[in-house]
Amino acid sequence: MFKIAVCDDENAVCTEIENFILKYAKEESLSVLVDTFNRGTELIQKLNEKEEYNLIFLDIEINSEKGSDLGNFIRNTLKNRSTEIVYISYYKDYAMSLFESRPLDFIIKPVTYEKIKHIMEKYIDLAGGDDKFFVIINGKLIQRVLLKNIMYFERSGIYTSVVMTEGRLLSHSSFDSIKAELPFVRVHKSFIANLKYVNEYKYSEMIMSNGDFVPVSRSHRPEIRKIYINEYLL
């Protein structure tokens, strides 16, 4: 079952998004539970009570609260890297200020079924990789690690360093044998990064959620910037 939260100070918007999500779930035969909130504090209380959501639709301005602050609370205070966040706003100008919380997407009101369907398809596509594994071979040791826990791959001589949310392992697999597909993108001849773990993008480098700096080569910069903004911010 997918658990989804919708937080917006307009009841009509919450109801509309909930109905669109349930419509999509019915069409795709998905099991979905939707909780709606009109205040950010209500959502925070639920999260503090260890309620877990796969996806959160979050209004940029909820009464006097800022949705971006709530997003940063989820990422930095709760250390929640797995819940996807979709920001909602009447204005497009906010998009570039939301890098830190690494949102899945950004919706401009009015909300339509087509927009919600696009978000759900995007989420389902990404979530499909949650149970996929990367096989690390190191001598006689063969170990499987979840792809969703890998932050980036780094060329290490003829081998590959696999940097995860907890620790680093050396794989005897060739770096060039690794297939880069979203959310993994080749950003440098020696690095493939998981864009979901990028805290800050500075054009020539990325700062990952663990504080590591990953370089972005000149030849990859235009493409990476476009992918990161289009797929993870807009």
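This is a predicted model: local features need pLDDT of at least 70, side-chain atom pairs count only at pLDDT 80 or more; totals for chains, interfaces and linings use all residues.
| Partner of β14 | Sense | Bridges | Residues standing opposite |
|---|---|---|---|
| β10 (residues 150-156) | antiparallel | three | E154 and F191 |
| β13 (residues 184-188) | antiparallel | four | F184 and N194 |

The largest nonpolar core holds 25 residues, of which I17, I21, L55, F57 and I116 touch the most other members. At least two residues of this core come from each of β1 (2-7), α1 (11-28), β2 (32-37), β3 (55-59), β6 (84-89) and α4 (113-127). Another core, of 18 residues, lies apart from it and includes Y152, V185, V216 and I224. In soluble globular proteins, nonpolar side chains tend to be buried together.

Setting aside neighbours within four places in sequence, F57 is in contact with I4, A5, V6, C7, I17, I21, V86, I88, I107, I116 and I119.

Some nonpolar side chains lie on the surface instead. V135, I137 and I142 form a nonpolar patch there, and together they have about 250 Å² of accessible area. V135 belongs to strand β8 (residues 133-138). Because its relative accessible area is 37%, V135 counts as partly exposed.

Key: Residues are numbered from 1 along each chain as its sequence is written. Side-chain values use heavy atoms; hydrogens and water are left out. A nonpolar core is a set of buried Ala, Val, Leu, Ile, Met, Phe, Trp, Tyr and Cys residues joined through side-chain atoms within 4.5 Å. Buried means under 20% relative accessible area, exposed over 50%, partly exposed in between (1.4 Å probe, protein chains only). Contact means heavy atoms within 4.5 Å. Patches are made of residues with over 30% relative accessible area and no salt bridge: like charges are joined within 9 Å, nonpolar side chains (Val, Leu, Ile, Met, Phe, Trp, Tyr) within 5 Å. Accessible areas come from the Shrake-Rupley method with a 1.4 Å probe; for residues, only the protein chains shown count as cover. A salt bridge is a side-chain nitrogen of Lys or Arg within 4 Å of a carboxyl oxygen of Asp or Glu. Two strands pair if DSSP finds at least two bridges between them.
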